[in-house]
Amino acid sequence: MLPRHVYVHVPFCARRCSYCDFSIAVRRAVPVDEYLDALERELALRVPADQAWDIDTLYFGGGTPSHLGPEGVSRMLALFQSRFALAPDAEVTLEANPDDITERAIRSWRAAGVNRLSIGSQSFDPRVLEWMRRTHSTEQIVNAVEAARGGGIENLSLDLIFALPETLGRDWDRDLEQTLALAPQHVSLYGLTVEPATPLARWRDRGSVREAPEERYEAEFLRAHDRLASAGYEHYEVSNYALPGRRSRHNSSYWRRVPYAGFGPSAHAFDGTRRRWNIAPYTGWVRSLAEGRDPLEGEEVLTDESRQAEEIYLGLRVADGLEVDEGMALRVQPWIASGWAALYGSRLRLTPAGWLRLDALAADLTLVASH
């Protein structure tokens, strides 16, 4: 069966954020025509022209998809609608920076079919935004939310990054208050991590930045959980909160291990047993398609062991939890005693404190399952 979920990677950004290690292309002038021409070639190579392909979710991520502008995003959507049949209730998400969201852009995107925005707000503190090398202001976050709702896109998600260096003096509680004041339908929380070859890694290596200690990382995560849960948000995945009925349907497909298709530089695809991924650098992806070659860079077929490890990890990272056997249930008793997990019949669910230890707990349970 053809996947019913499609991801599209739009790599362009105005600048690289201090913490970012994603596959991006920093461009002052975005090559919209070149990018869309390459996307059209990739679709022609991979999407059967004589076969109906129905999809439930379409997600434009990046990079900064909104950097294509009002017309560029509309053209991109039209391109995909010419190849796919969107379900009547399809979720169409566009990742957007606040400074790209204007009344004109919203009118154009809404008319093209966008019905959900994931807004990269990250913080409401001007000093923090400058340190992160973000291109927007605090006021632009508020204006973006108002413009989106005024133009008919009401399903909004806001991103926040926590556990920042203490020297920034960031007021985490104030950021949470300002987020809740905007009443988004969805909130994503990401703890700051230092990735190799990023500006942040260079700052750390020369001693100008110190990472937040584990204790503060945990305290900020749990404080955010309490605030959001009290406001009616469901903590449905380790990093994600949503009002009832507003979970990200697209991202949830990844966590359920259902097939999905991917297009654009560095995009991944999964058919249930095999993963494939595209060439990551934008120029390499464009060149491959211009020469008539599939931009596939690599693939792997999941073994029984890797599939089992993945099922355990993904099961533990979502609120629905993981079905466990008797041996696993015995193994997790110390977790339960520590307040990291709870058993509901044969279903194991991690608590917020347990999610902070997700990698270690998943590795431990995988070891039990493999014996």
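**Cysteines, helix packing and sheets**

At 9% relative accessibility, Cys20 counts as buried, where buried means under 20% relative accessible area, exposed over 50% and partly exposed in between (1.4 Å probe, protein chains only). The structure is a predicted model, in which local features need pLDDT of at least 70 and side-chain atom pairs count only at pLDDT 80 or more, whereas totals for chains, interfaces and linings use all residues. Residues are numbered from 1 along each chain as its sequence is written, and side-chain values use heavy atoms, with hydrogens and water left out.

With a disulfide taken as a pair of cysteine sulfur atoms within 2.5 Å, the count comes to zero. Cys13 takes part in no disulfide, the nearest cysteine sulfur, that of Cys20, being 6.2 Å away. For Cys20 itself, the closest cysteine sulfur is that of Cys17, at 6.2 Å, which is too far for a bond. Like Cys20, Cys13 is buried, with a relative accessibility of 8%.

Helices (H or I, at least four residues) and strands (E, at least two) are DSSP runs, numbered from the N terminus. Helix H1 (residues 32-46) packs against helix H10 (residues 282-290) at an angle of about 55 degrees, with the axes 9 Å apart; the axes are lines fitted to C-alpha atoms, for helices over the stretch in contact, and angles run from 0 to 180 degrees between N-to-C directions.

Helix H2 spans residues 69-81 and includes Gln81, which is partly exposed, with a relative accessible area of 36%. Apart from neighbours within four places in sequence, Gln81 is in contact with Leu86 and Ala112. Gln81 and Gly113 are 32 residues apart in sequence and 9.3 Å apart in space, C-alpha to C-alpha.

Three strands in the order S12-S13-S14 form an open sheet with antiparallel pairing, two strands being paired if DSSP finds at least two bridges between them. Strand S12 (268-270) and strand S14 (296-301) stand at the edges, each with a single partner strand, so one side of each is left without a neighbour in the sheet. Neighbouring strands of this sheet are turned by 15 degrees against each other on average, direction ignored. S12 pairs with strand S13 (residues 274-278) in the antiparallel sense over three bridges, and Trp277 in S13 is the bridge partner of His268.

Another open sheet of three strands, with the order S15-S17-S16, likewise shows antiparallel pairing. Its edge strands are S15 (322-323) and S16 (341-344), each of which pairs on one side only. S15 and strand S17 (residues 347-350) pair in the antiparallel sense over two bridges, with Glu323 standing opposite Arg347 in S17.

Note on methods: Contact means heavy atoms within 4.5 Å.
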